[in-house]
Amino acid sequence: MLNFLSHFKPIVPCLFPALLGLVGCLAHRSPAKTQTQEAASTVSRAHAHSTSRLSANAQNIAEERDALYTLLAYALVYKDWQTLDTKQGARGHNIGCVLVNPKGQIVHVALNSNGKYKNGTQHGETRVMWQYQEREKLYDLKGYTIYTTLEPCAMCSGMMVMQKVSRTVYGQTDLDFGKAVERLQLKSAQFPPYPRAKELSSTPADHPVRISIDQAYKLKYDSSKIAITEWLRSEEAKALYAEAQTQLLSNAVLYEENRAVLADCLKSLKRFEP
Ligand SMILES: [Zn+2]
């Protein structure tokens with residue numbers, strides 16, 4: 001999407017004068033229009049022009065920001081890559097999360113730690129939420145975004161909904177346990193959507209690494225029904241996570257506005273000690 005938009009961007013300013021010219025011609029054909037109406041219309045067109053350019057740019061900046069946080073989530077997991085199963089002594093599954101506050105700052109990160117605590121509730125998402133809220137004495141997470149390497153399960157989606165998280169962006173689609181947020185949003189003949197569920201947006205990361213991961217896992221899943229947590233210990237998965245780390249470390253942002261975001265990501269990765 002970023003590539004597509006960066007190709008499209010130079011066309012937008014060219015199209016707008018043409019469209020405005022067309023609108024202007026049509027306006028001249030209307031004899032009933034007074035000078036005041038003309039002036040108001042010109043101001044309104046100029047405003048629409050600048051707003052459209054701003055929103056297109058803001059969208060590109062937001063997409064790059066999402067890409068950086070997603071790469072950070074992969075890189076955190078790669079930094080403490082686990083090759084064993086949780087029952088064989090691994091810290092946990094190769095899944096991790098980044099919590100970003102409404103100002104766009106990284107406030108906490110966490111990895112799945114089911115094995116370390118011998119407790120299946122220690123998912124990256126649950127840990128990133130309760131650890132941060134306990135530290136900050138914060139009752140809920142309204143306006144926060146969770147970037148997670150794997151699509152949230154029912155437990156984590158439920159906790160996000162209850163804690164009023166606004167957005168989650170995931171780095172891999174979970175073919176068995178995914179779409180939990182969407183299921184909470186479903187309306188049936190008997191039941192309305194779960195309260196607050198509609199306020200949580202859940203989307204796959206719009207990033208080439210996520211697409212590669214999804215394609216690689218789907219092939220294995222279709223041929224052998226391999227569990228996602230088992231595939232996430234494979235050399236194939238590790239290589240894709242290594243690629244994500246490289247992309248973050250060698251990143252040169254397209255938008256100046258994201259320079260601080262990249263610095264924040266690199267600092268978080270460096271100081272992260274699992
Ligand atoms: Zn979960």
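Guide: The expected span of a helix is 1.5 Å times one less than its number of residues. The model to which this rule is applied here is a predicted one.

Visitor: What span should helix α8 have at 1.5 Å a residue?

Guide: Helix α8 runs over residues 208–224 and has 17 residues.

Visitor: Do the buried residues of α8 lie on the same side or on opposite sides of the helix, and what is the arc?

Guide: The buried residues of α8 are Val209, Arg210, Ile213 and Tyr217. Because they cover so limited an arc around the axis, they are on the same side of α8; the arc is only 95 degrees.

Visitor: Which residue with a positive phi follows α8?

Guide: The phi in question is near 55 degrees. The residue that follows α8 with this positive value is Lys225.

Visitor: What elements are included in the cover of the buried residues of α5?

Guide: Helix α5 comprises residues 124–136, and its 13 residues reach 18 Å from first C-alpha to last, close to the expected 18 Å. Its buried residues are Gly124, Glu125, Thr126, Arg127, Val128 and Met129. What covers them includes β1 (96–100), β2 (106–111), β3 (145–148) and α6 (154–162).

Visitor: Is α5 roughly parallel or roughly antiparallel to α6?

Guide: The axes of α5 and α6 are 9 Å apart, and the helices pack at an angle of about 30 degrees. Angles under 35 degrees count as roughly parallel. Therefore α5 stands to α6 as roughly parallel.

Visitor: Which residues of α5 and α6 make the contact?

Guide: The crossing of α5 past α6 is left-handed. The contact is made from α5 by Glu125, Thr126 and Met129, and from α6 by Met155, Cys156, Met159 and Met160.

Visitor: How many helices and strands does the chain have?

Guide: The chain has 274 residues, of which 32% count as buried. Its secondary structure comes to 11 helices and five strands.

Notes. Residues numbered from 1 in each chain as written. Predicted model: local features only at pLDDT ≥ 70, side-chain atom pairs only at ≥ 80, totals over all residues. Helix = DSSP H or I, 4+ residues; strand = E, 2+ residues; numbered from the N terminus. Buried ≥ 20, exposed ≤ 12 C-beta atoms within 10 Å, placed from the backbone. Arc of directions from axis to C-beta. Contact = placed C-beta atoms within 7 Å. Axes fitted to C-alpha atoms, helices over the stretch in contact; angles between N-to-C directions. Parallel < 35°, antiparallel > 145°, perpendicular 65-115°, else oblique. Left-handed = near helix turned anticlockwise from the far one by under 90°.
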